[in-house]
Amino acid sequence: MAYQVFARKWRPKSFSSLKGQEHVTRALINAITRNELHHAYLFTGTRGVGKTTIARILAKCLNCEQGVTAQPCGECSACRDIDAGRFVDLIEVDAASRTKVEDTRELLDNVQYAPTSGRYKIYLIDEVHMLSGHSFNALLKTLEEPPPHVKFILATTDPERIPVTVLSRCLRFVLRALSVTEIVIQLEEILTSENIPYEKRALHVIARAASGSMRDALSLLEQANAYCDGSIKTEPVEEILGISYQRFMGDLLQAMANNDVKQCLHLVEQMASIGADFTQVLATILQILHAIAIAQAVPQSEGIASFADINPELLAIKELLSPEIVQLFYQIALMGQKELSNAPSARIGFEMTLLRMLVFRPKETSVQPIPLSKIAPTPTSHSASPVEVKKENTDIQSKLTPTATVPSAPTAAVPSAPTAAVPSAPTAPTAVPSEGSLNWVEVVSKLPLSALALSLVKNCVVSTWDGKALSLTLDPLQKTCLNPQRQTQIQDALIQYFGYPIKLIIEVGDVQSGTPLMIAQAQEQLRTTQAKTAIEQDKTVQNILSTFDATVEKITAVDQ
């Protein structure tokens, strides 16, 4: 028997074996079962998704010798002839090569005659949008009221070019592009039946390259089978598809996470040596960053279908990048994709995009543990008494706001440092910090946090603090910012600040005053009020206001 390509050999022969178009097959099966057949069908969709296949299956359903059925036998002469493409009452027309009105009229001249051997005469017009305007006009009347023994099936990849007068006379079905998972499942079934060993990762590569077309996937599979000599493997498949750069993506993302410019440029050189298309490389980076961002936001999402084409090893990079950095990288890569065509070369544009990612990345500030002399001040001749310090803090609180409370300055120490470091002061035993000794405003100002994590701690107040465990109460308005990952980030920053392990607990509760954000706002309001009073009492300003009948519109305090 002559060799048949996979796309023809594994063409579905029944609705049950057709993958990915259940919304179409279900409607057709119900119509056939209830004997409510339309006289004209229009199948639209991208290439290789099953338009012609569904038309042939429908032809078998209507002409099977067992009767009109949604499950043709596949064994009778009519079914076999339709599968072989030699059924005389199935007239397949390529509209791309028969666009003239004369061709259409010649075709319609035979519509009135009864079928030769089948139950229905079926006209399958492929790429119907290629017909000329006169051809469509010649088709209209027959398409609207054909003889009872005639069915029209039209197929097109560009329905926008079909006149609305034709569209209104057809029952339209839109075939969707197949997902990567659906294509991979079909390829696995084919390779298992053909006894061809394969790597599943290679099938994912083929499915992505097919862009939703099953016919393209089968053609690529056959090409890979020939190139790999009987065993479908990932690296050879990437070579024939021109995406061998994929093997460098893990190292490139690792270098980006480590801010290693030299390694990034070295990997770009290696990708250039194998002829990588840097437009595709940048698109792949965007795809990976998108998957990482979703995996960070919703950890349970890693198992869903949208991640089927992402290597799990690449998703592991999410542990090395903060969500803010991932968003920054994505935005820069997206802008770089737009500018790539204007660069002197695609490689130069790609390298500049990488450099922007690394240069514009915020530097992580390193906060060293506070020295003992700063946390537990030693008594000197100039130091104020505890009563004086308490009185001064009380005065500041009364100036800020009646409800805001400013924690007092820290007076306790973390694990003791050698007393020899402060020779002029007498040695004092270290104490475990109590609840009132933690200046939360000062701590927050020195934590290496940014974005949402910083906003979160600014909206907290200290509930309890015993030197080893810190309990914070969060404003309910900010509870959506709280998640386990961000809480771990804040705890790591506190451990870095204090220099020893602590336990952090954050609970949502009623917060009336005392958060660093509220105190900062109160201070800003106080400065604005003082500035307004000073300006209004200034004699020069008063002279200007009286002379020119002017008013002061806005006064803003400026930090010194």
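Asn459 counts as buried because its relative accessibility is 7%, where buried means under 20% relative accessible area, exposed over 50% and partly exposed in between, with a 1.4 Å probe and protein chains only. Asn459 sits in the loop between helix H21 (451-458) and strand S6 (460-465); helices (H or I, at least four residues) and strands (E, at least two) are DSSP runs, numbered from the N terminus. Beyond its neighbours within four places in sequence, Asn459 is in contact with Thr473, Leu474, Asp475, Gln478, Thr515 and Leu517, contact meaning heavy atoms within 4.5 Å.

This is a predicted model, in which local features need pLDDT of at least 70 and side-chain atom pairs count only at pLDDT 80 or more, while totals for chains, interfaces and linings use all residues. Residues are numbered from 1 along each chain as its sequence is written, and side-chain values use heavy atoms, with hydrogens and water left out.

The largest nonpolar core has 91 residues, and Phe43, Ile232, Leu252, Met271 and Phe350 have the most contacts inside it; such a core is a set of buried Ala, Val, Leu, Ile, Met, Phe, Trp, Tyr and Cys residues joined through side-chain atoms within 4.5 Å. Helix H14 (residues 278-297) gives the most to this core, with 10 residues. A second, separate core of 24 residues includes Leu438, Val443, Val444 and Ala493.

As for confidence, pLDDT (the predictor's confidence in each residue, from 0 to 100) has a mean of 82 over the protein, but stays under 50 over residues 365-435.
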